[in-house]
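Visitor: Could you walk me through the aromatic rings here?
Guide: Gladly, let's look together.

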Amino acid sequence: MKAIRRFTVRPVLPEPLRPLSELARNLRWSWHAETRDLFQSVEPERWASSGGDPVRLLGGVSPARLAELAEDRRFLRRLTAVADDLHDYVTGDRWYQDRPEGLPAAVAYFSPEFGVTAALPQYSGGLGILAGDHLKAASDLGVPLIGVGLLYRHGYFRQTLSRDGWQQEHYPVLDPNELPLTPLKEADGTSAQVSLALPGGKALRARIWVAQVGRIPLLMLDSDVEENDLGERGVTDRLYGGGSEHRLLQEMLLGIGGVRAVRTYCRLTGHPDPEVFHTNEGHAGFLGLERIAELCDRGLDFDAGLESVRAGTVFTTHTPVPAGIDRFDRELVARHFGPGAELPGIDVERILRLGMETYPGGEPNLFNMAVMGLRLAQRANGVSLLHGAVSREMFAGLWPGFDPEEVPITSVTNGVHAPTWVAPEVFRLGARQVGAHRTEDALTTGGSERWDAVADIPDQDIWDLRRDLREQLVTEVRDRLRASWRQRGAGMAELGWIDGVLDPDVLTIGFARRVPSYKRLTLMLRDRDRLMDLLLHPERPVQIVVAGKAHPADDGGKRLIQELVRFADDPRVRHRIVFLPDYGMAMAQKLYHGCDVWLNNPLRPLEACGTSGMKAALNGCLNLSVLDGWWDEWYQPDFGWAIPTADGAGYDPDHRDDVEAAALYDLLEQRVAPRFYESGRDGLPDRWIEMVRQTLTLLGPKVLAGRMVREYVERLYAPAAHAHRALDPDAARELAEWKARVRGAWHEVTVDHVETSSPVAERAGGPPSTATAELGTTLGLRVRVGLGGLGPDDVEVQAVSGRVDEEDRIADADAVPLKPAGAPDPDGRWVYEGPLSLDRTGPYGYTVRILPAHPLLASPAELGLVTVPSEGTGEGAGVLLR
């Protein structure tokens, strides 16, 4: 029989054990070993069966056991110590509190998914795990973040395999009362809610749940409330589920409802209001519209509100391909905004223009969430150096007239939260070497000097650690593989072979991630005979552990999984290669700990960052990867291998895969496996151990989420807070009016004539613009410009110079401002002058340009306006020196 109603019966903890409830509700336990050890000691078997979830654990402990613990003085002493430690952690000063004054009082951080712990399954892949690590690192550093997301009642799907290896999805129902969440309550005890207006006089309501992530509150909006109709109740049903309107409503709830939730939380708790809003990918972009509407309610017009909102907004893009961006039909967006719907005080056309793809190749009838995110944020970044460059190319059309390298999108390379991903055995080895406090400091705050002590750890200790972690992985893989085969319909009698799967003394390679086509799950299968030779080599065998999920709608990804599963099912190799279904945080931690090599072979440059190799590296695992994402930035042969890429224009996809797969096999056969198995002094593979040591010493401090969050604070949050404060209502109006005036007059801005006052020698037989000059020469530039209705205070006239290529394009350009020489002439033209030093040899050139200039602009390219010389504007619009 099926129950007609479900509810959760909570245990009543004896008074001495009440601190257990707070410890269970603060997700710091997910990365704090002492807290987890305490919960494990409550009832070890139940702790294991609960998946290491304290809320589920406490929900199942018998009253008799609780009464016994309430009398156990040793347990109570441990409980008091752990509870006191949590109190000190959440209230004491940390890195942020020791910074100079002027940092933001609070930062709101929006993301469609958060991977904090397997006990709160609200993530699908790297974006969510990155967001969870961002919150945890911010907590460790004392950064006053407020996280904002949605609570999905089915989370992301659970994955199993059919007998023939086809991915199958299952969506378990999650009860918020059984999760480590607390409902936000109004003063009268009722549930705090936000509401959005929908077309036709309907409303979308959502309650607010709070997950406490150390010091950081994570607000999660849940539309499954009785006040909603059935359709609206399902808005937060699944992560990345449903059609266009469903996704649009999710993103409206996240952005607009999320701002309202933040305001409600700050009103009820006294938390400082955020001065900076950070949107993690375009899904939450509507938050900017809600904040403009707030300012309009206080008397600002739309343009002034837009300037104020932009000043305090940071936008992070995570995709290197346009297909990864949410785009909605303009008519669908228009129907959900304006009179009779949400934000009725804002002209719908103004909203639609924010998301228009007004660049060559753009679709005029689509509303692009990333484009809106960029237009609503004064500061934007990609998530690695290479991804920053790719993003500047991808979005260059929003800043016409500027070279891609000048597009105002910077980069902050992702990092990972070491206390979450480092094996306890690694932590203990570090603590034995330098002390627990210094080890914890190294894993959270970073700094290379804190990692130098790795050099003093004996080779034998490092090798013993790696072997121990590999052995743990072998046990984990056999357990998961047996469970998977049982789900596929196999009987226990036919699974005896699983006891021989993997070997704790064989070189172990890990490959685990989402399964879109560009990540190339099956590249390793391009030449199956060579792969089989590697797996079954009589002296230097390798073994491979693979995991990953394809999107439920991606049959191509599912076919890749099936292809790999069928290969791994082959009795000849199934003891050397395995596919583990239902990849998630709990499995990932074991893989990162136990693998010797982490493999990553995406199509370059389609991996924005890719953080799985970072997590593996923190456990002494070596990376074998295509030079993409973070590996392109930090690879050194001291601690890993780079797979050569065949990304020239002449390669078709199939040939490219063949070439890169062959390079992968060559590396494994000739360099990776021989180094792992070679014996040096004391019978140990000392060259391999040295690479492990270099991975920890050189990569360790770089890959930390603590480093990443410090960069966000110093390079993006702090400047955004200063800009936000500078734009009071009067300043916002003045800036909006100035921008409107500049845009209106820009068609009159011209470069009329360019000349040099120190002529250079004409090159015999060369074109008129070609000349020669000696290194160290200084040219005097004189430029005549027309500014129309603008004045010198509104613009900056620049000389731009640098090396030139065969097509006379300037590379590595230096821009030097020129100064007006006196008053305008009778025609209203201005003359600008300045020196140009020739400080480089070889082909060299210069030009001039005019840009808008205002002290409140974050970038000269912010308005997307630039004027350059036309053909024939004196000296060929610039001099080329060859």
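Predicted model: local features only at pLDDT ≥ 70, side-chain atom pairs only at ≥ 80, totals over all residues.

Visitor: What kind of aromatic pair do Trp421 and Tyr592 form?
Guide: Their centres are 5.6 Å apart, with 80° between the planes. Planes over 60 degrees apart count as edge-to-face, so the pair of Trp421 and Tyr592 is edge-to-face.

Visitor: How many residues apart are Trp421 and Tyr592?
Guide: Trp421 belongs to helix H16 (residues 418–421), while Tyr592 is in helix H22 (residues 585–594). The pair thus links distant parts of the chain, 171 residues apart.

Visitor: Is Trp421 buried or exposed, and is Tyr592 buried or exposed?
Guide: Buried means under 20% relative accessible area. Trp421 has 1% relative accessibility and Tyr592 has 2%. Because these values fall under that cut-off, Trp421 is buried and Tyr592 is also buried.

Visitor: Are the rings of Tyr712 and Tyr717 stacked or edge-to-face?
Guide: Both residues, Tyr712 and Tyr717, are buried. Their ring centres lie 5.9 Å apart and their planes meet at 25°. Planes under 30 degrees apart count as stacked, so this pair is stacked.

Visitor: Which charged residue sits over the ring of Trp497?
Guide: Over Phe157, the residue lying on the ring face is Lys549, at 4.9 Å from the ring centre. For Trp497, a charged end sits 4.0 Å from the ring centre, and that end belongs to Arg574.

Notes:
Residues numbered from 1 in each chain as written. Heavy atoms only, no water. Phe/Tyr/Trp six-rings, centres within 6.5 Å; stacked < 30°, edge-to-face > 60°. Helix = DSSP H or I, 4+ residues; strand = E, 2+ residues; numbered from the N terminus. Buried < 20%, exposed > 50% of the residue type's maximum accessible area, 1.4 Å probe, protein only. Lys NZ or Arg CZ within 6 Å of the ring centre and 35° of its normal.
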